[in-house]
Amino acid sequence: MALEKMRGRRISVGETAVVIGAGRSGLAAARLLNREGARVRLLDSNAQAFSGREDLARELGQLGIVVELGPHSAAQFENAAFVVPSPGMPVARLDGLVDVEHTEILAEMELAWRYLDNEPVLAITGTSGKTTTASLAAAMLHEQGYSVFLGGNIGTPLSEYILSGRRADVLVLEISSFQLQTCTTFCPRVGILLNITPNHLDYHKDMEEYTEAKFRLFRCQDEGDLAVLGESLKDQAARHKLKARQVYVKATERFAESSLMGLHNRINEEAAWQACRFFGVSEESAARAVARFAPLPHRLERVRELNGVLYVNDSKCTTVSSLKVALEAFDRPVRLLCGGKFKGGDLAGLADLVKTHVAEVALFGASREYFEKAWQGIVPMTWHAALEPAIKHLAAAAQAGDVVLMAPATSSFDLYANYEERGKDFKRIVGRLS
């Protein structure tokens, strides 16, 4: 099934490799490089990165992995053959630290790709819908009888798959723009690019850089590969001159027995199906997988219905474009929860949608000024310092038939460690309403 592709070189025994970030992907990359005989230096700018993880630090030391915490210096990167940055670290921060003439900067995904035993890869990217589509594709392949590894940006680093020694029939990988920026030979047999809307402009210097990163998914593909893209991307794909066979997807009613809400999920289902057809998955198997598929946590997740009011957790909604998708998923009045660390986007461009779909907005936490500037006078708005009083305010006003929707359109980092923690708090608070 697989077709051998060009892969970048592997590390040589005795060469130095530097891994930045002691998170899950960094640790996996460090262990893989160590297994291959490299001299590994693991850096983390957080001086407390191993607080409470002292056993792990000792284990790494016993393996010969050198751990250095605190601010980075050029000396830490001297003579490095490879540098593997944390997925969330802008590559620009390495300017002046890394000798790019003699050192290759590569994503953990790219590193692990070079150690695959020719297993075929189905890779998914896009501003929104990546995780749902990757999970759907994995479910369809599994329903057809394939053994599947589901990982990448979705949770399990590809390096962990390599280290495990297991062998899957197909690897389904979610991949972010951060990772794609430092991928050079990564080449999926099938690549899915769902959509591109403004996001991560606090990381990428502009939309052009963000778009270029997304289209790197297809740069190493050839005529024997498949590119599945959202219909809105035809013009951009033409400019990037993709070599792979192309399929453009839009919402269909192909899968009638679906519990996923919203037009965008019809697109996600169709994209997963078109990708899985490449591997021989029948439409019947795909339909069974969709019928059994439950919405993922924090993605338009139905929490409960109380007194005729539906409470929905869309904490994964961290962008303005995701908020648009969430609002369009409902044909009943929405009482909307927004707020957090604003990442950019055109809130004013949603004014007409807010006017027709939203009965009231309760802001919580940071960034109230962005929402108030965009929507003042269009919809009733209140602000609350925390999530709980905002929920209680909307619950008191809600009427049977309404939806109380948390779709923040921001990151969570003002009040919460991540969007999962924010979503769990929403569910906790809603669970206690009476």
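Reader: How much space lies in the second largest pocket?
Author: About 460 Å³. Keep in mind that this is a predicted model.

Reader: And which residues are closest to the centre of that pocket?
Author: Leu-194, Asn-195, His-264, Ile-267 and Val-325 are the closest, out of 20 residues that line the second largest pocket.

Reader: Which helices each supply at least two residues of that lining?
Author: Helix 9, residues 263-277, and helix 11, residues 320-328. Helix 11 gives the largest share of the lining, with five residues.

Reader: How does the lining of the second largest pocket divide into nonpolar, polar and charged?
Author: Eleven of its residues are polar, six are nonpolar and three are charged.

Reader: Which domains does that lining draw at least three residues from?
Author: Domain 2 (111-292) and domain 3 (301-431) each give at least three.

Reader: Let's back up, then. What does the domain assignment of the chain give?
Author: Domain 1 covers 16-105, domain 2 covers 111-292 and domain 3 covers 301-431.

Reader: How far apart are the C-alpha centres of domain 1 and domain 2?
Author: Those two centres lie 28 Å apart. As for contacts across the pair, 18 residues of domain 1 touch 16 residues of domain 2.

Reader: Switching to cavities: how many are there of 30 Å³ or more?
Author: The count is two. The largest cavity holds about 70 Å³ of space. Twelve residues line the largest cavity, and the closest to its centre are Pro-85, Ser-86, Pro-87, Phe-178 and Thr-182.

Reader: Which elements give two or more residues to the lining of the largest cavity?
Author: Helix 3 (108-113) and helix 6 (177-181) do. Domain 1 and domain 2 each contribute at least three residues to the lining of the largest cavity.

Reader: Is the lining of that cavity nonpolar, polar or charged, and how does it divide?
Author: Eight of the residues lining the largest cavity are nonpolar, three are polar and one is charged.

Reader: OK, Arg-7. Where is its place?
Author: Arg-7 sits in the segment before strand 1, which spans 16-20.

Reader: Buried or exposed, that Arg-7?
Author: Buried: Arg-7 has a relative accessible area of 18%, and the cut-off for buried is under 20%.

Reader: What lies 2.6 Å from a polar atom of the Arg-7 side chain?
Author: The backbone oxygen of Trp-113 does. Trp-113 is also one of the residues in contact with Arg-7 once neighbours within four places in sequence are left aside, and the others are Arg-114, Leu-116, Asn-118 and Thr-185.

Reader: Next up, helix 7. Which of its residues are buried?
Author: In helix 7, residues 207-215, the buried ones are Tyr-210, Thr-211, Ala-213, Lys-214 and Phe-215.

Reader: What covers those buried residues of helix 7?
Author: The cover includes strand 6 (121-125), helix 4, helix 6, strand 9 (190-193), strand 10 (226-230) and helix 8 (234-240).

Reader: And what reaches the backbone nitrogen of Glu-208 at the start of helix 7?
Author: A side-chain oxygen of Asp-206 comes to within 3.3 Å of that nitrogen.

Reader: You mentioned helix 4. Where is Ala-139 found?
Author: Ala-139 is in helix 4, residues 130-143. Its relative accessible area is 22%, so Ala-139 is partly exposed.

Reader: What is Ala-139 in contact with, leaving aside neighbours within four places in sequence?
Author: Ala-289 and Phe-293. Ser-285 is 146 residues away from Ala-139 in sequence, while their C-alpha atoms are 9.3 Å apart in space.

Reader: Last topic, backbone angles. What phi does Lys-241 have?
Author: A positive one of about 55°, although Lys-241 is not a glycine. Most residues other than glycine have a negative phi.

Reader: Where does Lys-241 lie?
Author: In the loop between helix 8 and strand 11, the latter at 245-249. Lys-241 is exposed, with a relative accessible area of 68%.

Reader: And what phi does Ala-409 have?
Author: Ala-409 has a positive phi of about 65°, and it is not a glycine. Its place is in the loop between strand 17 (403-406) and helix 15 (419-431).

Reader: Buried or exposed, Ala-409?
Author: Ala-409 counts as buried, at 1% relative accessibility. Lys-241, by contrast, is exposed.

Terms used:
Residues numbered from 1 in each chain as written. Predicted model: local features only at pLDDT ≥ 70, side-chain atom pairs only at ≥ 80, totals over all residues. Heavy atoms only, no water. 1 Å grid on protein atoms, 1.4 Å probe; cavity = no way out; pocket = protein on both sides within 12 Å on 5 of 7 lines; lining within 4 Å. Points joined across faces, edges and corners; volume = space filled by probe spheres on them. Helix = DSSP H or I, 4+ residues; strand = E, 2+ residues; numbered from the N terminus. Nonpolar A, V, L, I, M, F, W, Y, C, P; charged D, E, K, R; others polar. Domains from an automatic or database assignment. Buried < 20%, exposed > 50% of the residue type's maximum accessible area, 1.4 Å probe, protein only. Polar contact = N/O pair within 3.5 Å; in protein donor to acceptor, adjacent residues only side chain to side chain. Contact = heavy atoms within 4.5 Å.
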